[in-house]
Amino acid sequence: MSFFNKFFNKKKEEDLQEGLQKTKTGFFNKLSKVVAGKNTVDESFLDDLEQILIQSDVGLDTTIKIIDRLEAKVAKDKYINIDELNDILKNVIVDLLDENKTVDLQDFEFDTSHKPHVILVVGVNGTGKTTTIGKLAYQFTKRGHKVLLGAADTFRAAAVDQLKIWSERVGCDFYSKGMNADPAAVAYETVQYGINEGHDLIIIDTAGRLHTKLHLMKELTKIKNSIDKKMPGAPHEVLLVLDATTGQNAIEQARQFTAATEVTALALTKLDGSAQGGVAIGISDQFKIPIKFIGLGESLEHLQVFNKKAFVEGLFN
Amino acid sequence: MFDSLSEKLEGAFKNLKGHGKLTEINIATSIKEIRRALVGADVNYKIAKEFTDKIKDQALGSANVLKSVKPGELMVKIVMDEMTALMGGDAIGLNMTGKPTVILIAGLQGSGKTTFTGKIAKFLKNKKKKRVLVTACDVYRPAAIDQLTVLSEQVGVEIYKEPDNKNPVEIAQNAVVYAIEQKIDVVIVDTAGRLAVDEVMMNEIAAIKKGIDPQEVLFVVDAMTGQDAVNTAKVFNDRIDFDGVVLTKLDGDTRGGAALSVKYTVGKPIKFISTGEKMDQLDVFYPERMAQRILGMGDIVSFVERAQDQFDEVEAKKLEKKIKKNKFDFNDFLKQIDQIRRMGDLKSLMGMIPGMGKLTKNLDIDNNAFNKVEAIIQSMTPEERGRPELLNMSRKKRIARGCGHDIHQINMFIKQFDQMKKMMHMMSKGNNMQNMMRNLERMGGRPGMGR
Ligand SMILES: Nc1nc2c(ncn2[C@@H]2O[C@H](COP(=O)(O)OP(=O)(O)OP(=O)(O)O)[C@@H](O)[C@H]2O)c(=O)[nH]1
Ligand SMILES: Nc1nc2c(ncn2[C@@H]2O[C@H](COP(=O)(O)OP(=O)(O)OP(=O)(O)O)[C@@H](O)[C@H]2O)c(=O)[nH]1
Ligand SMILES: [Mg+2]
Ligand SMILES: [Mg+2]
């Protein structure tokens with residue numbers, strides 16, 4: 001590994017630690033407080049643990065699951081110290097995340113066995129789709145790939161301009177048909193343009209939409225189909241962007257977007273805030289979709305590949 | 001998805017009925033159910049606990065609950081009333097005493113600030129007949145100024161912007177000066193999204209507030225927010241002491257517990273709700289509806305609204321005529337299916353009708369229920385769709401082949417269709433559809449959900 005690479009990886013870890021700082025302190029401090037002065041796992045400890053998990057947006061069902069598993073591992077009313085307990089709880093959560101059998105990315109990467117590789121980005125309003133696309137384009141451009149962004153959000157005011165500015169910042173290519181164009185047509189033509197121009201990676205932005213609006217979900221299916229029509233098998237990935245501050249509604253978002261577009265990966269944004277990001281655990285528990293990226297800020301570099309172990313370590317260490 | 005809370009509570013009380021007396025334990029069980037409902041709706045855990053403890057005391061104090069035939073219902077009523085009172089209080093409008101009145105908008109990233117700025121500008125211009133200026137103080141997000149420019153054009157108000165100035169405090173102050181010169185009534189200041197944990201940005205918003213001394217500071221919060229709503233609201237309130245809350249994205253299916261959390265934490269009134277991306281999708285806050293929504297209870301009002309939203313008067317008249325003449329055909333049927341579909345997810349629609357939650361709980365209503373019917377109709381020729389009487393055996397056979405269902409299913413469907421047609425024809429002589437819609441309207445609906 002080159003010096004530069006090493007340096008970069010180090011920097012990445014610091015970023016993640018920094019971003020998860022608030023999450024970390026919140027979770028761990030609370031846990032320490034709960035455990036302090038206690039040396040058995042009793043009812044009141046479990047109640048407190050339940051509170052911590054729920055306040056991290058882990059959700060009721062998954063919280064109960066975690067507690068049940070912890071109980072199964074720790075003999076009730078037996079003496080236990082905080083380090084042991086931390087380890088056990090950490091393992092319970094990592095195991096839970098591991099159960100959905102998704103493999104963590106090691107670095108920003110995509111399948112290069114076909115060309116172009118097409119990613120469709122979807123999600124409810126304001127979660128960070130466009131920003132995440134900018135950040136992804138930056139990572140892949142930096143790695144020497146020829147990247148093209150397609151502006152299929154033709155609805156929200158200045159959405160096309162926003163994506164265009166990101167492409168300029170990154171220095172990658174950009175395709176649009178302006179505002180109010182048919183998004184399926186934009187997607188189709190973007191892929192066509194990318195094929196003609198020899199792009200390695202195409203990322204298509206779509207308008208934010210609430211999963212309850214059937215006509216908009218149908219529109220999304222249509223966008224997806226039109227991409228497939230231009231390039232059979234594409235989009236190769238459908239990335240659902242979730243906001244870490246979202247509560248239990250994120251579960252329904254994951255369900256409905258998957259129904260409409262067969263989501264293949266998740267990005268969890270705004271983890272630099274005080275939201276605990278516990279939805280990640282709740283969603284991993286209920287879906288088989290891997291979390292691939294986490295957003296830790298508003299600028300180009302503030303995107304990381306998701307790593308289960310690091311994520312949970314970040315919560316506890 | 002969520003069976004009505006009162007059913008669960010009835011369940012909690014049922015055990016004891018046989019035993020004669022309702023006890024503290026039963027109340028405790030039902031309190032636990034209520035707490036779960038609240039937490040499931042994203043009400044902050046601590047608040048849910050405090051809130052239900054209070055309810056418990058009330059329930060124990062009221063002999064009525066223990067004597068009541070339906071203690072569960074009574075408990076729900078106590079919860080509803082308490083929650084409504086908590087979230088409601090005196091409805092306070094905007095303080096418009098400034099010359100000009102200055103309104104500052106703040107909140108997390110992507111919560112809907114810029115969209116709301118456009119909406120409130122439109123509202124003040126059209127409904128309150130004010131001269132309005134919107135101000136673009138988000139100097140960070142790509143195309144933030146363009147976004148507000150487009151919205152200001154859409155709603156027809158003036159915009160103040162300084163694309164080359166990176167100092168939002170200055171921009172805001174300059175806007176107010178400009179407004180005074182131009183005799184503008186209201187200045188609305190849109191700001192960048194910021195995290196409560198971002199010291200630099202929180203200092204900035206405090207400085208903007210100090211620099212323009214607004215009459216109204218509004219905190220915009222996404223109704224889908226989870227447990228963190230409490231922290232964020234608290235920090236923003238500590239730093240900028242906002243006057244009111246705007247709850248956005250209520251057009252989705254979030255239960256919206258953040259509304260209770262925020263109100264409970266900072267005690268500031270929820271002044272507006274935002275229910276869509278379009279500029280007229282702005283509304284005042286109804287605490288009772290919100291309480292129902294958080295508790296996952298049937299929300300007949302929303303149901304009616306969604307129905308109305310899809311209701312097209314002209315189409316309905318045409319349809320009525322056709323039914324009266326007994327000319328209802330497969331094309332009309334397809335249109336009806338499409339309308340129901342556009343109202344939203346079938347199961348959640350059913351859940352909105354009080355009492356239906358129970359009925360549909362174990363039923364697997366899937367949104368594809370109509371697919372089969374649609375496939376059958378789509379396999380008909382246009383002529384057949386318009387003239388159902390054409391369908392003879394050979395035509396039915398061809399349709400069966402076309403849609404991949406067997407002939408029995410085709411026959412069954414056509415039989416059901418005929419029955420339905422007959423029934424509608426009969427009904428059309430007595431009542432009429434428009435009356436039906438009018439009745440629904442009287443129940444409290446209001447148009448305007450959409451996109
Ligand atoms: N703090 C923080 N802010 C973020 C992050 N990702 C996005 N944002 C901000 O969130 C806001 C919304 O981001 P967008 O990328 O416009 O979201 P979107 O999903 O494309 O929004 P629509 O297209 O309107 O649905 C912007 O202010 C972004 O700067 C993140 O990881 N951390
Ligand atoms: N469905 C729905 N979408 C909304 C509502 N309000 C805003 N939006 C959408 O949410 C997204 C974000 O809205 P913005 O107004 O850009 O949010 P913002 O708070 O200004 O975002 P930043 O400036 O990046 O912090 C856009 O896609 C809006 O169209 C609402 O009430 N319902
Ligand atoms: Mg976008
Ligand atoms: Mg904005």
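Colleague: How many residues of domain 1 of chain B are in contact with domain 2 of chain B?

Modeller: Two residues are in contact if their C-beta atoms, placed from the backbone, lie within 7 Å. Here, 11 residues of domain 1 of chain B touch 15 residues of domain 2 of chain B. This is a predicted model: local features need pLDDT of at least 70, side-chain atom pairs count only at pLDDT 80 or more, and totals for chains, interfaces and linings use all residues. Residues are numbered from 1 along each chain as its sequence is written, with chains lettered from A and ligands numbered from 1 in the order in which they are written.

Colleague: Where do the domains of chain B run?

Modeller: Such bounds come from an automatic or database domain assignment. Chain B has domain 1 (5-87), domain 2 (101-287) and domain 3 (304-442).

Colleague: Which elements give two or more residues to the domain 1 side?

Modeller: Helices are DSSP runs (H or I, at least four residues), numbered from the N terminus. For chain B, they're α3 (45-61) and α5 (71-87). The largest share, 4 residues, comes from α5(B). By class, that side has 8 nonpolar, 2 polar and 1 charged (Asp, Glu, Lys and Arg count as charged).

Colleague: At what angle do α2 and α3 of chain A pack?

Modeller: Angles run from 0 to 180 degrees between N-to-C directions. Helix α2 (residues 43-55) and helix α3 (residues 60-73) of chain A pack at about 140°, axes 10 Å apart.

Colleague: Which residues of α2(A) make the contact?

Modeller: Leu46(A), Leu49(A), Glu50(A), Leu53(A) and Ile54(A), against Leu60(A), Thr63(A), Ile66(A) and Ile67(A) of α3(A).
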